[in-house]
Structures are given as structure tokens and as C-alpha cells.
Amino acid sequence: CPLGPALLFVKTSQGKEEGRRFYACSACRDRKDCNFFQWEDEKVSETRLAAREEYNRNHQPSFTHRQNVERYKNFLLLPLSKRRFCQECQQLLLPAEWEKHSDHQFLCDISVAQLKSPSQLLYPLENKKTNAQYLFADRSCQFLLDLILDLGFRRVLSVGTPRLHEMIQSKASQEDDFRIRSLLLDIDFRYSQFYTEDEFCHYNMFNHYFFGGEAARETCRKFLYQDNGERVIMVTDPPFGGLVEALASSFKKLMAIWKETEKEGHNNQEMPMFWIFPYFFESRILEFFPSFSMMDYQVDYDNHALYKHGKTGRRQSPVRIFTNLTPSMIVLPAEEGYRFCAICQRYVSSGNQHCEMCNSCTSKDGRRWKHCVLCKKCVKPSWFHCNNCNCCALQNHTCEKSDAGCFVCGKAGHKRSTCPNLSHT
């Protein structure tokens, strides 16, 4: 489809073990965004294949990355009064193109500072399942950059983190002694208007697809090659509606590219990584990356109503950093209420009290959790033990006595869309 190779899924029916397998778009969960669908065992006619190729060609960007780089150079040569950006087409305009966009809304007098901050110039694409461009707030972005510097990394592979990449690029152009470099891999091709082919690769993290082919893959490989003792870290912030299994598969492939370029003696190591994702995906991430652990730091976003730092109770941001680095190395700011737990050997939120029975700081959401002797684990403060369900739940929950359960696995307590077996079947 226009977003690269499709993924293989299975359509399941309740009570049946075998489902029918089909191919669908790797990035779009909604048919309205990409209607690619093909049964695995379906014979596709030559006519339909030709129509599909034609459709894919017509859904490619109007300019190549190289053309966009040339356009950017010409745009910079223009006087301020002639620098325009079409908000409707999300495109930098050269004077010869003004007439074609005359009935569109556009911004005038685009400064160099605006060009250095494209994430603020472009409209965020807020489809939760495909793009979900919820951009880091300055607080979180600065924290990540300071942490990367303190840990001694000098190169950042920014996978779907345009604002972090932007901050690094901006500092590198302004400060002579700033030594960090960044390569942005992102599905949003609009960024090719602002970055060279060495700074940005058009990339789909759901199927590990480089739209620029072998040349873009080689750019990534060269960037990951460790030279002069420079250490590299991958930072990724995928759409939260994306399949963890597909993402993990792509990240392992990026790690494999890093491993190929590695010097001898590092064969057993993983590429250092920060995966930014909600805490309730912890078990799924650990399933694919057992070496990862979750930090208590709350990541917040500029353009998301709920994911904001400083709110209390359940309104706090659920987004965390998962990493394969030693937890004690990740120093969290005391002024934001984090402290070091000497027993757990990691920084935790101030409300996260150490439980002697679990021998761990157990809270996931910043509130103080309580230990349930019957469940043999800590649970949320608003939960109580239900003898009917034989587990802790909200006080006004409906006891799961009926046979009706999940459509996929038949078990009670969750819907089909959140079934843990969904991507395994």
C-alpha cells in the first residue's frame, strides 16, 4: 500500500481456533485512512495489481526528498517578505507557486527561527492510530536531552521524535561546543522540506520500511556506525494506538543494523534505547524486550489535553520511559518530586512507596498503592478485594459471573480490542 509492505493479520471468530488470515496496512488501523485489504489465500488479478500500483504511485508526495532540499535552499535565498508557507498544503512556497495557492490560507514572513522549528510550523497529525503527533513539551524534551548528554551519548537515532531532533539540530547550529548529532526517522514526509537526506529518513516504524530505499537504509547504517568512541542511543515515541508486536519487530531490526556495525567485544549488547510509551503497556514491552525496565518519569506533551505533568491522581500523564540502561543511571529531577530508592536502586516518584512484601516500589501511576494480602501484590488505592471475582477491582464494578467474555479468547474482564492474545493469534 502507499505506506509500504502490509502486515499479516487474522480474523478470528469466537469459539473457533483457526481464523482467516489477511493483509492490511501496517500503519493505519482504520480502513478510512488506508483501505488496503487482501486475504492471504486470495489470487489477485493482473488488472487489480496494476490498479494498485497506479494507486500507490498517485499517493506519493509531489516532490522527492532531494527536490525538497533544493527548494529549501532557494527558499532561504528569498527576502523575508517573499517567504510564504501554505497552511492548507503544508508546503513552503516559492514565488512562482503563489498563484496556484492563491485561494489557500498561508503564513507570510517565515523567519529562519521558524524554519528551525518545523514541528511548530506544521499542523500535528493527530490520528491516534497512525501518526498521533503528540509533541513533547519543552520540559520533557529538555530533560531527555540533558539525560542523553549526562549519560555520554553523542548521537541520537530519533524514531518518531521530531521535537527532540529539532532541539538537537537547533542547538548544534547555535552552539559551537555542542557535539550531539541526530538522525530523524519519521513517517511524516513533510519534514523532508526542512532537513537534508543525512538528517531525515522517511520511515515507517510499523514495518521497518525506508521509503527512500537502499540509499536511506545506508544513511541509517552509517549513522549507527560507532566511530571515534561516540556512543549512540535510540529514542522512540510511537503512536500509542500502534501494535506493540509490530513496533518491537522493527526496533529489533534497527538494533540488528547497529550490531552489524559494532566493533568486536560488544556481541552480547543491545543498542541503548529509550522507548516512550504508556505504563499500562509494560507487560507487552517486557514480553519482547525482557532487558527493559520502566522509569517513573512522567513524559508530557504540548498538544494533548490529558498527558500533562503536574496534574494529580488519575489525571497525571501515564507516559513513561522504558529503557535497557541500568535504572540507577537514570537520574530524575528532585525538584519535580522524584527520589532515589536505595533498595530498588532506581529513582522513583515521591508517592511511590517501597512495599516490603513485594520488595519493590510498586506504583505505576504516581499515587501510593496498597498491598493486598489475598492478591499477593500491590493494587491501586481505589481498588478493593472482591470475593466474588477473587481479585481486586473498583468498588462499584460488575462482578464477572456470566459466561460472556472477550470475543477473541472468551475470558472476562476485557474487550476484544485490548485482548492480549489478539496479536499472537
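**Reading contacts, burial, sheets and helix packing**

Visitor: Which residues is Arg-346 in contact with, leaving aside its neighbours within four places in sequence?

Guide: Contact means heavy atoms within 4.5 Å. With neighbours up to four places away in sequence left aside, Arg-346 is in contact with Met-294, Asp-296, Pro-327, Ser-328, Arg-339, Phe-340, Cys-341, Asn-352 and Cys-361. This is a predicted model, in which local features need pLDDT of at least 70 and side-chain atom pairs count only at pLDDT 80 or more, while totals for chains, interfaces and linings use all residues. Residues are numbered from 1 along each chain as its sequence is written, and side-chain values use heavy atoms, with hydrogens and water left out.

Visitor: In which strand is Arg-346 found, and does Arg-346 count as buried or exposed?

Guide: Strands (E, at least two residues) and helices (H or I, at least four) are DSSP runs numbered from the N terminus. Arg-346 is found in strand S16, residues 346–349. Buried means under 20% relative accessible area, exposed over 50%, and partly exposed in between, with a 1.4 Å probe and protein chains only. Arg-346 has 13% relative accessibility and therefore counts as buried.

Visitor: What is the place of Gln-87 in the fold, and which residues does Gln-87 touch?

Guide: Gln-87 lies in the loop between strand S4 (84–86) and strand S5 (91–93). Its relative accessibility is 19%, so Gln-87 counts as buried. Residues up to four places away in sequence not being counted, Gln-87 touches Gln-105, Phe-106, Leu-107 and Tyr-123.

Visitor: What is the strand order in the open sheet of three strands, and why is one side of S1 and of S3 left without a neighbour?

Guide: Two strands pair if DSSP finds at least two bridges between them. The order here is S1-S2-S3, with antiparallel pairing. Strand S1 (7–11) and strand S3 (37–39) stand at the edges with a single partner strand each, so one side of each has no neighbour in the sheet. On average, neighbouring strands of this sheet are turned by 35 degrees against each other, direction ignored. Strand S2 (residues 20–24) is joined to S3 by three bridges, and Ala-24 has Phe-37 as its bridge partner in S3.

Visitor: What is the order of the open sheet of eight strands?

Guide: The order is S10-S9-S8-S7-S11-S12-S14-S13, and the pairing is mixed. Strand S10 (209–210) and strand S13 (293–294) are the edge strands, each pairing on one side only. Within the sheet, strand S11 (residues 231–236) and strand S12 (residues 273–278) run parallel and are joined by three bridges; Val-235 stands opposite Phe-274 in S12.

Visitor: At what angle do the axes of helices H5 and H6 cross, and which strands does H6 lie across?

Guide: Two packed helices are described by the angle between their axes and the distance between the axes. Axes are lines fitted to C-alpha atoms, for helices over the stretch in contact, and angles run from 0 to 180 degrees between N-to-C directions. The axes of H5 (residues 138–150) and H6 (residues 162–174) come within 10 Å and cross at roughly 65 degrees. Among the residues making the contact are Leu-144 and Ile-148 of H5 and Met-167 and Lys-171 of H6. H6 also lies across strand S7 (153–159), strand S8 (181–186) and S11, running at about 155 degrees to S8.
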